[in-house]
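User: I have just opened this entry and would like a guided tour. Could we go through it step by step?

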Amino acid sequence: LISISLSCFFLSLYFLLNNMIYFIEWEVVSLNSMSIVMTFLFDWMSLLFMSFVLMIASLVIFYSKEYMESDENINRFIMLVLMFVLSMMLLIISPNLISILLGWDGLGLVSYCLVIYFQNVKSYNAGMLTALSNRIGDVAFLLAIAWMLNYGSWNYIFYLEVMQNEFEMLVIGSLMML
């Protein structure tokens with residue numbers, strides 16, 4: 001993970017210096033006239049954030065090997081950390097509110113599993129607090145998704161210039177950050 005983190009860091013510098021942005025659309029399912037498309041946005045900022053997330057995750061995994069060496073389920077913990085990282089990556093590189101919601105819910109579920117990892121009463125109570133806090137974010141994302149129905153798509157990146165009223169951008173941005 002450290003090597004991928006360093007690669008993302010230098011790639012972000014390259015993207016910044018050359019003013020590059022990659023917008024990738026992947027058609028997941030196409031059935032009759034319906035298609036489900038996943039979109040990914042790679043720019044210098046998303047690559048830099050991915051670099052930091054991967055660096056922190058690699059350090060967590062590195063230190064947990066020694067700290068939790070007597071734990072029988074260390075592989076489960078490492079897999080949970082990797083799933084947390086994948087959910088965070090989906091949250092970082094997605095310009096679509098639906099896939100951001102999927103990444104956010106993935107973070108919430110994996111956070112709950114990480115909090116209750118040691119399986120005692122205190123961790124169960126903290127896990128319930130984590131799950132309830134995540135539901136507040138879900139409500140905010142669902143409100144932003146409902147607001148974006150006015151524009152006809154959930155790819156908010158397409159509508160940044162169309163939103164002439166600054167209040168609309170402020171509301172949608174605030175809901176996404178809540």
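User: To start with, which are the buried residues of α2?

Analyst: They are Ser46, Leu47, Leu48, Met50, Ser51, Val53, Leu54, Ala57, Ser58, Ile61 and Ser64. Buried means under 20% relative accessible area, exposed over 50%, and partly exposed in between, with a 1.4 Å probe and protein chains only. Please note that this is a predicted model, in which local features need pLDDT of at least 70 and side-chain atom pairs count only at pLDDT 80 or more, while totals for chains, interfaces and linings use all residues. Residues are numbered from 1 along each chain as its sequence is written, and side-chain values use heavy atoms, with hydrogens and water left out.

User: What do the buried residues of α2 pack against?

Analyst: They pack against α1, β2 and α3. Contact here means heavy atoms within 4.5 Å.

User: Take Ser51, then. Why does Ser51 count as buried?

Analyst: Ser51 counts as buried because its relative accessibility is 4%. Ser51 sits in helix α2, residues 44-67. Apart from neighbours within four places in sequence, Ser51 has contacts with Ser5, Cys8 and Phe9.

User: How many helices and strands are in the chain?

Analyst: The chain has six helices and two strands. Their order from the N terminus is α-β-β-α-α-α-α-α. Helices (H or I, at least four residues) and strands (E, at least two) are DSSP runs, numbered from the N terminus.

User: Which elements have the lowest and the highest mean pLDDT?

Analyst: Helix α6 (residues 166-177) has the lowest, at 67, and helix α1 (residues 2-18) has the highest, at 91. The average over the chain is 84, and 89% of the residues score at least 70. pLDDT is the predictor's confidence in each residue, from 0 to 100.

User: How many residues has the largest nonpolar core?

Analyst: It has 22 residues, and those with the most contacts inside it are Phe42, Met50, Val85 and Met89. The elements giving two or more residues to this core are α1, β2, α2 and α3. Helix α3 gives the most, with eight residues. A nonpolar core is a set of buried Ala, Val, Leu, Ile, Met, Phe, Trp, Tyr and Cys residues joined through side-chain atoms within 4.5 Å.

User: What does Met89 touch?

Analyst: Not counting residues up to four places away in sequence, Met89 touches Met50, Val53 and Leu54. There is also a second, separate core of eight residues, which includes Leu101, Ile145, Met148 and Tyr151.

User: Let me turn to the loops. Where is Asn19, and is Asn19 buried or exposed?

Analyst: Asn19 is in the loop between α1 and β1 (22-31). Asn19 is exposed, because its relative accessible area is 69%. Phi of Asn19 is near 50°, a positive value in a residue other than glycine.

User: What about Asn32: where is that residue found?

Analyst: Asn32 is found in the loop between β1 and β2. Asn32 has a positive phi of about 55° although it is not a glycine, and at 79% relative accessibility Asn32 counts as exposed.

User: One last topic. Which residues does UniProt list for "transmembrane region"?

Analyst: The unreviewed UniProt entry lists residues 7-24, 44-62, 74-93, 99-118 and 139-159. UniProt positions are given in the numbering used here, feature names are shortened, and annotations may be inferred rather than shown by experiment. In the model, residues 74-93 are 100% helix and 0% strand, whereas residues 7-24 are 67% helix and 17% strand, with end C-alpha atoms 19 Å apart.
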